[in-house]
Amino acid sequence: MEVSISLENIGKFIGKYSLGRDGGRGSLHFLRIKIPAGIINSKDLEEIAELSKEYGRGYAEITDRQDIQLHWIDSEKAIEIFEKLYKLGYTTDLCGQGFTTAGYGDVRNIITCPLSGKISKDVAKISIKLTKYFSGNPEFIDLPRKFKIAFTACGYDCVRAYINDLGMIGVDDGFTALVGGSIGSSYPGATIAKHLPVFIPEKDVFEFVKAVVEIHRDYSSRESKNKARFKNLVNSWGIEKLLKEIEKRVGKLERFEKLDLKPKAHIGVGEQNDGKYYFTLPIVGGVLNDEKLRIIASIAKDYGSGEVRLTPEQNVIFVDVDDVDSIRKELEKHFTIYDKESYYLSIACPSDFCGKTKDVHSKDLLKKLLTVDGDLKIGISGCRNACGCHNVFDVGFVGKLVKRGKEIVQVYDMFIGGNSKLAMKYKENLSPDKAVEEFKKLVNNYRNFKASGKSFEEFVRWYCGVET
Amino acid sequence: MELKLKVIGENRYELDVRGNTCPYPQLFVELALKRVDGTLEVLTDNPPSARDIPLILERRGFKVESKKEDSHWRIKIWK
Ligand code: SF4
């Protein structure tokens, strides 16, 4: 016998909204708001600032997938918050990270070139269309595991396409694709995406992306969570078999072999195609608060078109700016505008909230490392899940907790030489102080090495004692 | 959309919310508790819900017992 109970107003939120699990700083839940293509206008930014103030102790963070994440969310207030987001037209990630089995995976926010349409072809449009299509779509909310997509067409890999399940790279009047990237520890381990050597005409790109996600849904392993990422399927099938399956769904695709893609982040100031300018504000670790969100919204309105772009490096880019000097002066009243590139290029995961690290947490370690002279790109993850991309940056650190005597202490493993390829592990079990010391040593050595005109890659091989 | 409560005995009900992530298991339990008297047994495979539901309900004065069964938890709530 059964008793039926109406879901009242909760039904409309299922599959579109959820809270994620926190376990640090006294926060039990986070809310990861998807900002489609990382583009947000000042009015919506103010609304999110209000949510952060009312429900998240005023804290807000830009993630490396261009979302805005709030913490300290009281689950008893969830419906109230979802209702407000629903009215604003935003959804959240479905955070099934707690489940121990395969399943309940969703398509995450689609990382998009933050200067899309400003210096290059507009890929934001298709990225937003796809985000809206997948979010809450009952056919795509029980994937074997999450699925990560990236879109760019600026001529560089500014979206870390090489570590996404599917990276769409603009070429000529369409796209080519990278498939099966993912740097977390799940089987078969950190994997750089492979080129799927086909050309996808612009008019077919929506169906192509949909077909690839369907293949993940239908064929990726559901045997265990560890084996359920798309990279495992791509590895076991190989590119030719995957291509055959895609073509079964979307028709024959023209071959496109040549792809020379260099990683590059959009930072600094530059001219847009329309003669206006963009201006990047560095946000260390993406950490903001409600007041700063409001300031950003107001400056975007006063000095640009009111639109801002969140970047995969956790920064903010103001677009459509007429007067670069004035916006810089205004921003300097509220923020530090660093000149050093590493402030713009480095990222760290929220391990302090995640609860997987003890003092010194990822973002705190990043702050310390950024004060060291030098311009290397740093990525810090609190654990092997690699949310801080430690294994694909110039220098990376990954945290672990180890027993020293009677105490459990925080240590970090150090990686060097990533950047669109996997970094090498250089040192293990460094205390946070030792990590800073090793980083200083590396920076000094690199400075001397660089003076002789050699590249960072050559330096890494020399420093790690690897034969060339 | 509806929730189904299985009657498993006299004044005993079972609510299977497996596959639901936060905050839904907690919200479903609250809806169910509004409707029935007696004992409610909740099945969840979402670890944060297994952490939160006993915490919140005990704070409100319910007697709660939680047990891990294979890959899910069975949370018994006495109303
Ligand atoms: S890398 Fe680990 S510690 Fe950092 S946010 Fe991801 S799961 Fe948490």
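**Notes on the model**

1. B:R74 and B:E14 are both buried. The model is a predicted one, and in it these two residues form a salt bridge in which the closest N and O atoms are 3.0 Å apart. The pair connects distant parts of the chain, since B:R74 belongs to strand 5 (residues 72-78) of chain B and B:E14 to strand 2 (residues 12-16) of chain B, 60 residues apart.

2. One network is formed by salt bridges with shared partners; its members are A:E139, A:E207, A:K210, A:E214, A:R217, A:D218, A:E245, A:K248 and A:R249. Within it, A:K210 pairs with A:E214, with 3.6 Å between the closest N and O atoms. Both residues lie in helix 4 of chain A, and because they are four residues apart there, about one helical turn separates them. A:K210 has a relative accessibility of 18% and therefore counts as buried. A:E214, at 13% relative accessibility, is likewise classed as buried; the cut-off for this class is under 20% relative accessible area.

3. Over all chains, the count of salt bridges by this rule is 58. A further example is the pair A:R222 and A:D142, whose side chains meet at 3.7 Å, N to O.

4. The interface of chain A and chain B involves 29 residues of chain A in contact with 31 residues of chain B. About 2,800 Å² is buried between the two chains, and 62% of this area is on carbon and sulfur atoms. The size of an interface is often given in this way, as the accessible area lost when the parts come together.

5. How many salt bridges are counted between chain A and chain B? The count is one, and the side chains of B:R60 and A:E76 meet in a salt bridge at 2.9 Å, N to O. Across the same interface of chain A and chain B, 14 residue pairs are in polar contact, with both residues at pLDDT 80 or more. On the side of chain A that touches chain B, the elements giving two or more residues are strand 1 (2-6) and helix 2 (78-88) of chain A. Strand 1 of chain A provides the largest share of that side, five residues. By residue class, the side of chain A that touches chain B divides into 16 nonpolar, eight polar and five charged.

6. A:S52 is part of helix 1 (residues 42-55) of chain A. Its relative accessible area is 0%, so A:S52 is buried. Leaving aside residues up to four places away in sequence, A:S52 touches A:R57, A:G58, A:Y59, A:A60, A:L70 and A:D290.

How values were computed: Residues numbered from 1 in each chain as written. Chains lettered and ligands numbered in written order. Predicted model: local features only at pLDDT ≥ 70, side-chain atom pairs only at ≥ 80, totals over all residues. Heavy atoms only, no water. Buried < 20%, exposed > 50% of the residue type's maximum accessible area, 1.4 Å probe, protein only. Contact = heavy atoms within 4.5 Å. Buried area = accessible area lost by both parts, 1.4 Å probe. Salt bridge = Lys/Arg side-chain N within 4 Å of Asp/Glu carboxyl O. Polar contact = N/O pair within 3.5 Å; in protein donor to acceptor, adjacent residues only side chain to side chain. Nonpolar A, V, L, I, M, F, W, Y, C, P; charged D, E, K, R; others polar.
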